Amino acid sequence: MPAAPLDRRHARVSESLRPERSTGLPIFQLADTDELAQPSPPWFVDWVRLGLRAAEWTASPTPSRRVIGVSAPSEALATAALSFGFVRASYLARSGTATLHPIAPESLETGAWVWFRAGATVRTGRFLGFDLAGNIRTSNGHFRRASVTEVRLLPGWLQGREGTADYHDGVDQLFLKQMLRSTDPLAFATSWSTRLLVIGSVSRMNQELDLRIAPAAPDATMGTIRQIVRPLDRDAPLGCQSVLVSAQLEEPPWLAWETPPALTILRGAYATSRWLPEITSGCVISVLGRAEPGLEAAVAALMQARSYAEPLGSTALGWVAPTSCEVLAFDEAA
């Protein structure tokens with residue numbers, strides 16, 4: 001899918017950007033598929049910083065729900081930058097190690113839907129037991145017991161799907177090493193996390209995730225925002241760092257998760273007015289474009305929620321919105 005073009009009003013920035021000492025945020029470079037890399041513009045870095053702050057707010061459970069509504073001249077790329085900042089900061093906060101829950105193959109029940117990793121190859125399928133040689137039999141191929149390095153049970157909302165992926169991609173691993181400061185990019189690429197839920201236009205989000213990005217270094221390897229945000233592929237549930245769903249959905253999939261998402265991003269007016277009252281995340285961020293239809297209903301939903309909450313200013317948030325953006329933030333009691 002082709003990458004969405006950068007907003008030319010903001011993207012053509014020639015001067016370097018300095019990271020704020022309070023965040024230690026590195027500077028990135030961005031590029032469309034058909035353009036040379038350029039320094040990340042201030043508005044993009046501001047959205048990344050909001051993702052970093054959201055990762056800090058949600059690092060541990062709180063009795064309240066933090067809601068932030070941001071209206072911008074255009075919502076283009078804001079959600080992608082915000083998601084990128086949140087996933088990256090959340091992973092780095094875990095000291096660069098993925099949260100895994102491996103189990104022993106011998107403890108599996110026949111018929112269970114399972115995720116297997118053997119070296120750099122990952123498969124999902126139904127466990128069918130062991131053959132006479134002790135090899136693991138599944139509906140998606142066989143494994144030598146000695147080659148299996150990790151086994152996980154698929155959660156109920158992902159069962160019934162088979163998939164295979166090979167993570168021998170050296171360029172992808174080099175990009176992840178540089179971006180995550182990790183010595184084990186495979187752990188990140190194959191780990192599961194539903195801490196981030198994004199509700200809105202899935203097609204637009206998928207376009208924006210294809211924007212190329214890299215650390216601001218001469219020899220940096222370019223990757224895409226998608227390689228960090230890593231949305232769940234329901235047809236091949238091999239690993240994810242986020243879940244993208246349409247605002248038009250009828251049955252919320254997150255109700256079947258063991259724990260609610262830590263951060264929910266509501267991209268657009270309809271997603272905000274439809275889902276804000278039903279989200280149970282510890283932090284909810286609404287991203288609104290001022291020219292989109294349904295804006296009044298979204299603002300009304302935010303104002304109604306704010307009437308029963310404690311207002312927050314930029315000092316309390318520790319974040320300043322990009323130029324020309326307006327912010328409405330508050331903490332709701334449990």
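Student: Ala 93, buried or exposed?
Tutor: At 64% relative accessibility, Ala 93 falls in the exposed class. Exposed is over 50% relative accessible area, buried is under 20%, and partly exposed is in between (1.4 Å probe, protein chains only).

Student: What sort of model and numbering are we using?
Tutor: The model is predicted, with local features needing pLDDT of at least 70 and side-chain atom pairs counting only at pLDDT 80 or more, while totals for chains, interfaces and linings use all residues. Residues are numbered from 1 along each chain as its sequence is written, and side-chain values use heavy atoms, leaving out hydrogens and water.

Student: OK, back to Ala 93. Where is it found?
Tutor: In helix 3. Helices (H or I, at least four residues) and strands (E, at least two) are DSSP runs, numbered from the N terminus.

Student: How do helix 2 and helix 3 cross?
Tutor: The axes of helix 2 (residues 42-57) and helix 3 (residues 78-93) come within 7 Å and cross at roughly 40 degrees. That makes helix 2 oblique to helix 3. For the cut-offs, under 35 degrees is roughly parallel, over 145 roughly antiparallel, 65 to 115 roughly perpendicular, and the rest oblique. Axes are lines fitted to C-alpha atoms, over the stretch in contact for helices, and angles run from 0 to 180 degrees between N-to-C directions.

Student: Which residues meet there?
Tutor: On helix 2 they include Phe 44, Trp 47 and Leu 50, and on helix 3 they include Leu 82, Phe 84 and Phe 86. Contact means heavy atoms within 4.5 Å.

Student: Switching topic: how many aromatic pairs are there?
Tutor: The count is eight. Rings of Phe, Tyr and Trp (its six-membered ring) pair if their centres lie within 6.5 Å; planes under 30 degrees apart are stacked, over 60 edge-to-face, and the rest tilted. One of the pairs is Trp 47 with Trp 319, tilted, at 6.1 Å centre to centre and 50 degrees between the planes. Trp 47 is in helix 2 and Trp 319 in the loop between helix 10 (314-317) and strand 17 (326-332), 272 residues apart. Both Trp 47 and Trp 319 are buried.

Student: And why is the Tyr 91 and Phe 188 pair edge-to-face?
Tutor: Because their planes are at 75 degrees, with ring centres 4.8 Å apart. Tyr 91 lies in helix 3 and Phe 188 in helix 5 (residues 185-190), so the pair ties together parts 97 residues apart in sequence. Tyr 91 is buried at 0% relative accessibility, and Phe 188 is buried at 0% too.
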